[in-house]
Amino acid sequence: MANDFKSFSKKDIAVDSGTYSTLYTALLNKETILLEIDIANTTSSDITVDCKLNKKSTHASANDVFIVKSAPLPAGGALKVVSGQKIVMEGNATGLDTVTVAASVASSADCIVSLLEDV
C-alpha cells in the first residue's frame, strides 16, 4: 500500500440551505484517515459552519453524521473541526464516503482537509 499524505481545499464554501460543498471523496476499495479539517471565516461578520461525514460505504443510502453542526466562527477566525483524533473514511461497492461543509452565509469561509490516503 502506498500511504500518501494529501490535502484538499475549498474556497467560498456553500451556504447551508440544504446544499453542502464536497471537500473530499474516498477512493474506491481504499481507506483514508482524516487527520485535520480547518475552516476559516473570510468575512468581517460572525458565521456558523457545519461539517458532515457522509458514510455511504456502510449503507446503500447516505448515512450523514455531523462532525460539527452550527459551530460558531467569529469574524476572521478559524476552527479546527478535526484535530488530534482520527476519522476513517472508506470506499467500496456500496458507496464512497465523503466529507462536506457548509456555512451560514454564502462565500464566507474557506476550508482545508489534511489526510492519509490509501491506508
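Analyst: Asn 29 is exposed, with a relative accessible area of 61%, where exposed means over 50%, buried under 20% and partly exposed in between (1.4 Å probe, protein chains only). The model is predicted, so local features need pLDDT of at least 70 and side-chain atom pairs count only at pLDDT 80 or more, while totals for chains, interfaces and linings use all residues. Residues are numbered from 1 along each chain as its sequence is written, and side-chain values use heavy atoms, with hydrogens and water left out.

Asn 29 is located in the loop between S2 and S3; strands here are DSSP runs of E with at least two residues, helices are runs of H or I with at least four, and both are numbered from the N terminus. Although Asn 29 is not a glycine, its phi is positive, at about 60 degrees. Most residues other than glycine have a negative phi. Ser 107, in the loop between S8 and S9, is also not a glycine and has a positive phi, of about 55 degrees, but at 45% relative accessibility Ser 107 counts as partly exposed.

Beyond the loop that holds Asn 29, strand S3 spans residues 31-41 and belongs to an open sheet of 5 strands in the order S1-S9-S3-S6-S7, with antiparallel pairing. Two strands pair if DSSP finds at least two bridges between them, and S3 and S9 are joined in the antiparallel sense over 9 bridges, with Ile 33 standing opposite Leu 116 in S9. At the edges of the sheet are S1 and strand S7 (95-96), each of which has a single partner strand, so one side of each is left without a neighbour in the sheet.

Leu 34 is, with Ile 37, Ile 39 and Val 99, among the residues that touch the most other members of the largest nonpolar core, which has 25 residues; such a core is a set of buried Ala, Val, Leu, Ile, Met, Phe, Trp, Tyr and Cys residues joined through side-chain atoms within 4.5 Å. The elements that give two or more residues to this core include S3, strand S6 (78-92), strand S8 (98-103) and strand S9 (109-117). With neighbours within four places in sequence set aside, Leu 34 is in contact with Val 82, Gln 85, Lys 86, Ile 87, Met 89, Val 99, Val 113, Ser 114 and Leu 115, contact meaning heavy atoms within 4.5 Å.
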